[in-house]
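Good morning, and thank you for joining this group meeting. Please keep the sequence and the structure in view while I speak.

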Amino acid sequence: MERYLFVAQRVSAMILGPLVLIHLGLILFAVRNGLSGAEILARTQGNIGWTLFYGIFVLSVTIHAPIGIRNILYEWTGISRPASNIIALLFAIFLLTAGLRSVTAIY
Amino acid sequence: MHPLRNHKSYIASIGHRLSGIALAVFLPFHFLLLGSAFNGANGLDQFLIYTDLPQVKIAEWALVLMLAIHLFFGIRVLLLEFTNWPDIPYRFAAWVVPGGIAAFLIGAVFLLQVF
Amino acid sequence: MEQTPEQLEVRIWRGKDDGQLVSYRVPIRDNQTVLDIVTEVQRLHEPSLAYRFSCRVGVCGSCAMTVNGQPRWTCRTHVKKVAGEGLLTIEPLRNLPRIKDLVCDLAPFIDKWQQAGAPFDATSSRKDPPAAIDPQSPLRRTADAALQCINCAVCYSACDVVNWNRDYVGPAALNRAWTLINDVRHGKRQQTLDKVFSEGGCSNCHSHGNCTRHCPVGLSPSESIVGLKRAAFSGLPRDK
């Protein structure tokens with residue numbers, strides 16, 4: 001399993017790289033003159049491009065973050081390996097549901 | 001700092017990990033807040049109004065910095081593991097300073113945009 | 001009038017896990033190594049001080065200890081290079097069970113070396129001719145670059161992940177596995193690769209680089225581990 005988690009971690013990282021760069025670029029652009037709900041939704045509502053973008057973002061983060069957290073929990077908090085697996089899995093489920101819900105909310 | 005940790009390669013790895021923790025803690029709030037868009041633009045504006053506060057702008061700057069640090073030190077790991085760049089004896093110390101500078105530059109641009 | 005040499009304060013770990021740093025004062029001399037100091041303390045001040053050494057000339061790795069927080073070969077550490085503020089702290093190697101004073105038990109280190117797939121599996125006997133391997137072939141050059149490890153455990157002590165995760169086999173074990181995976185004569189290349197990716201294997205390395213930074217032989221376990229990680233995607237390395 002370690003090998004598959006490792007491969008998943010690195011592949012999700014490769015996907016996230018360009019997505020994060022675009023997201024950062026968008027943030028730097030969007031914060032000019034303050035943030036407004038209307039401005040954000042005007043960009044994302046009904047837009048399949050942004051929906052796909054953030055959908056893939058959520059899926060990649062769902063894989064990438066919990067695998068990292070799993071290692072940190074095991075190495076830095078002294079909990080057992082099975083416990084770190086369970087907490088990471090729960091975190092993944094949360095990110096997936098809350099994340100896809102957000103993507104739906106802005107579509 | 002302890003002499004075992006007082007070098008670029010280590011700082012990059014720890015920076016990637018600490019920024020990752022910060023982002024992992026922030027993400028749930030980010031997703032839950034975005035859910036308020038179910039109530040349309042007004043739903044979002046309920047929370048976005050706070051982004052006019054200078055304290056919130058500083059907090060946002062910190063988050064942008066965390067994301068940029070995590071990105072650039074993550075790119076370092078991908079470069080180390082999947083390429084042979086740079087072709088020097090101790091390449092694990094490479095990309096740390098440029099990556100760090102790039103992250104802080106993005107943070108600086110953010111500050112200029114919000115203030 | 002004879003000039004008395006300057007004195008250096010040296011703190012040396014006495015005891016086992018619960019013990020303490022005990023201070024001694026030794027004269028500073030020209031060309032003095034940390035091993036010279038430990039030897040002087042044992043001979044003139046503390047006969048019961050336990051420590052390891054063998055060759056004394058930077059070849060065997062037996063004298064490895066923690067000097068001012070960093071693992072080093074004490075026979076190759078000149079005092080003037082490390083005792084900046086006139087204070088020297090000498091402790092046993094980190095991440096290994098302590099036996100007494102400066103002596104550690106290397107058994108867990110060797111066990112992990114075995115666990116990572118270290119034993120060489122021969123595929124020919126003495127009746128066969130020597131294997132025809134071009135020393136300049138890519139696989140052989142890769143193996144040769146990592147081959148000189150003498151198991152001194154300095155990298156194992158330097159590694160923070162070894163400190164955080166007792167399952168982690170450590171840099172030396174993975175470095176050894178990498179040399180075998182690149183050795184076409186090794187009959188268990190795939191099994192060694194599978195072991196390297198089990199729990200405690202190379203996916204635990206977080207690219208700190210402490211191992212390479214401290215290796216007294218100038219090896220790069222970091223690069224060996226990178227090679228292993230790539231093999232997760234591309235399988236066993238092949239000669240092109």
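I begin with a definition: angles under 35 degrees count as roughly parallel, over 145 as roughly antiparallel, 65 to 115 as roughly perpendicular, and the rest as oblique. The model is predicted, so that local features need pLDDT of at least 70 and side-chain atom pairs count only at pLDDT 80 or more, whereas totals for chains, interfaces and linings use all residues. Residues are numbered from 1 along each chain as its sequence is written, and chains are lettered from A and ligands numbered from 1 in the order in which they are written.

Let us turn to a pair of helices. Helices (H or I, at least four residues) and strands (E, at least two) are DSSP runs, numbered from the N terminus. At what angle do the axes of helix 7 and helix 8 of chain C cross? They cross at roughly 155° and come within 9 Å; axes are lines fitted to C-alpha atoms, for helices over the stretch in contact, and angles run from 0 to 180 degrees between N-to-C directions. Helix 7 of chain C and helix 8 of chain C are therefore roughly antiparallel to each other. On the side of helix 7 of chain C, the contact is made by Leu174(C), Ala177(C), Leu180(C) and Ile181(C); helix 8 of chain C contributes Arg189(C), Thr192(C), Leu193(C) and Val196(C). Two residues are in contact if their C-beta atoms, placed from the backbone, lie within 7 Å.

Next, the core. A nonpolar core is a set of buried Ala, Val, Leu, Ile, Met, Phe, Trp, Tyr and Cys residues joined through C-beta atoms within 7 Å; buried means that 20 or more other C-beta atoms lie within 10 Å of a residue's own. The largest nonpolar core has 68 residues, and Ile90(C), Ala153(C), Leu174(C) and Ala177(C) have the most contacts inside it. Helix 7 of chain C gives the most to this core, with seven residues. At least three residues come from each of domain 1 (7-104) and domain 2 (107-234) of chain C, with bounds from an automatic or database domain assignment.

How do these domains meet? In chain C, 14 residues of domain 1 are in contact with 13 residues of domain 2. Strand 4 of chain C supplies the largest share of the domain 1 side, four residues.

Finally, chain C also touches chain B: the contact takes 15 residues from chain C and 13 residues from chain B. Helix 10 of chain C gives the most to the chain C side, with four residues.

Key:
A residue is buried if 20 or more other C-beta atoms lie within 10 Å of its own, exposed if 12 or fewer, and partly exposed in between; C-beta atoms are placed from the backbone.
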